[in-house]
Amino acid sequence: MTDFSETNWAKADFSKEYAENADIFILERRRLLEILKSFYRNFLAGRKNNILDLGCGDGVLTRELLGIDGSISATLVDASDDMLRRAKERLKAYEEVRLIKTGFQELLEKDALPESFDFIVSSLAIHHLDKGEKNSLFEYIYSHLNPGGYFLNIDVVLSPSEGLEEWYLLLWKEWIVERQEALNSREDFTDVPDRYKNKDNKPDILEDQLSALKSIGFKEVDCFYKYGIFSVYGGRRK
Ligand SMILES: C[S@@+](CC[C@H](N)C(=O)[O-])C[C@H]1O[C@@H](n2cnc3c(N)ncnc32)[C@H](O)[C@@H]1O
């Protein structure tokens with residue numbers, strides 16, 4: 001099993017670099033978040049929802065959702081103390097927010113969160129698990145969704161060929177260059193796509209993940225958006 005304490009995410013300076021600069025190097029991050037919100041408005045708004053944010057980092061996803069629906073009751077999970085501290089600060093204005101320190105592995109092994117949710121979201125976290133762990137987490141998600149509840153994952157995926165992977169990483173780098181120019185950034189993050197190829201990142205092919213969701217029982221499984229290796233996909237519990 002993947003051991004969180006042996007990953008870069010267990011180091012405070014690594015999560016600090018991510019939290020402070022992700023807007024510069026996460027490809028089309030703003031658009032990814034807008035798609036999340038549009039999905040919420042279309043399929044979930046208009047009732048009181050209980051949501052779960054897996055690998056919440058500094059709480060960016062939940063904050064976006066609370067911005068359009070303040071009635072949400074949110075549970076955020078991450079294994080990093082540093083990220084949870086940032087999430088607590090970001091979400092301090094909201095009362096119905098619960099932060100839980102746990103790794104995905106412990107979630108699966110101990111079922112530390114026995115309740116069910118209307119919407120389970122995740123962003124750029126599930127690719128840290130290997131394929132078997134991803135599939136177990138998808139099963140966990142399915143069994144912790146209320147009937148009719150939705151799962152949406154923003155994540156990087158593995159390309160089906162080396163040629164496509166190379167091109168997608170180039171597209172990513174080009175986007176970072178544009179973004180840095182637009183923001184007049186003094187720091188250079190164009191090495192992030194190269195650094196992305198490390199032991200902590202275990203992306204799998206999108207089709208395999210969609211198939212896994214379908215075989216677990218998810219309905220309306222689809223890729224809602226894709227740009228290079230960045231994708232948004234998910235489905236609904238029957
Ligand atoms: C790239 S960050 C994404 C954070 C946030 N969701 C966002 O979109 O900005 C990945 C997050 O996953 C968390 N993470 C990585 N592996 C994990 C694991 N095995 N269990 C729980 N959280 C994990 C890290 O601590 C980090 O906060």
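**Exercise 1: around the ligand**

Task: Sort the shell around the ligand into nonpolar, polar and charged residues.

Solution: The shell has 12 nonpolar, 8 polar and 1 charged residues. Here Ala, Val, Leu, Ile, Met, Phe, Trp, Tyr, Cys and Pro count as nonpolar, Asp, Glu, Lys and Arg as charged, and the others, Gly among them, as polar.

Before going on, note that this is a predicted model: local features need pLDDT of at least 70, side-chain atom pairs count only at pLDDT 80 or more, and totals for chains, interfaces and linings use all residues. Numbering starts from 1 along each chain as its sequence is written.

Next, find the nearest residues. Gly55, Gly57, Ser80, Ser123 and Ala125 come nearest of the 21 residues around the ligand (a residue is near if its C-beta atom, placed from the backbone, lies within 6 Å of the molecule).

Last, look at the helices. Helix H1 (12–25) and helix H3 (60–68) each supply at least two shell residues (helices, H or I with at least four residues, and strands, E with at least two, are DSSP runs numbered from the N terminus).

**Exercise 2: the sheet**

Task: Work out the order of the strands in the open sheet.

Solution: The order of the 7 strands is S3-S2-S1-S4-S5-S7-S6, with mixed pairing. At the edges are strand S3 (97–101) and strand S6 (219–227), each pairing on one side only (two strands pair if DSSP finds at least two bridges between them).

Now zoom in on one pair. S6 and strand S7 (residues 230–236) pair in the antiparallel sense over 6 bridges. Within S7, valine 232 is the bridge partner of tyrosine 225.

**Exercise 3: buried or exposed?**

Task: Are aspartate 111, glutamate 139 and leucine 124 buried, partly exposed or exposed?

Solution: Start with the rule: a residue is buried if 20 or more other C-beta atoms, placed from the backbone, lie within 10 Å of its own, exposed if 12 or fewer, and partly exposed in between.

- Aspartate 111 counts as exposed because it has 11 C-beta neighbours inside 10 Å. Aspartate 111 lies in the loop between helix H5 (104–110) and S4.
- Glutamate 139 has 16 such neighbours, so it counts as partly exposed. Glutamate 139 belongs to helix H6 (residues 131–143).
- Leucine 124 has 21 such neighbours and therefore counts as buried. Leucine 124 lies in the loop between S4 and H6.

Finally, check the backbone. Phi is positive at aspartate 111, near 45°, and at leucine 124, near 55°.
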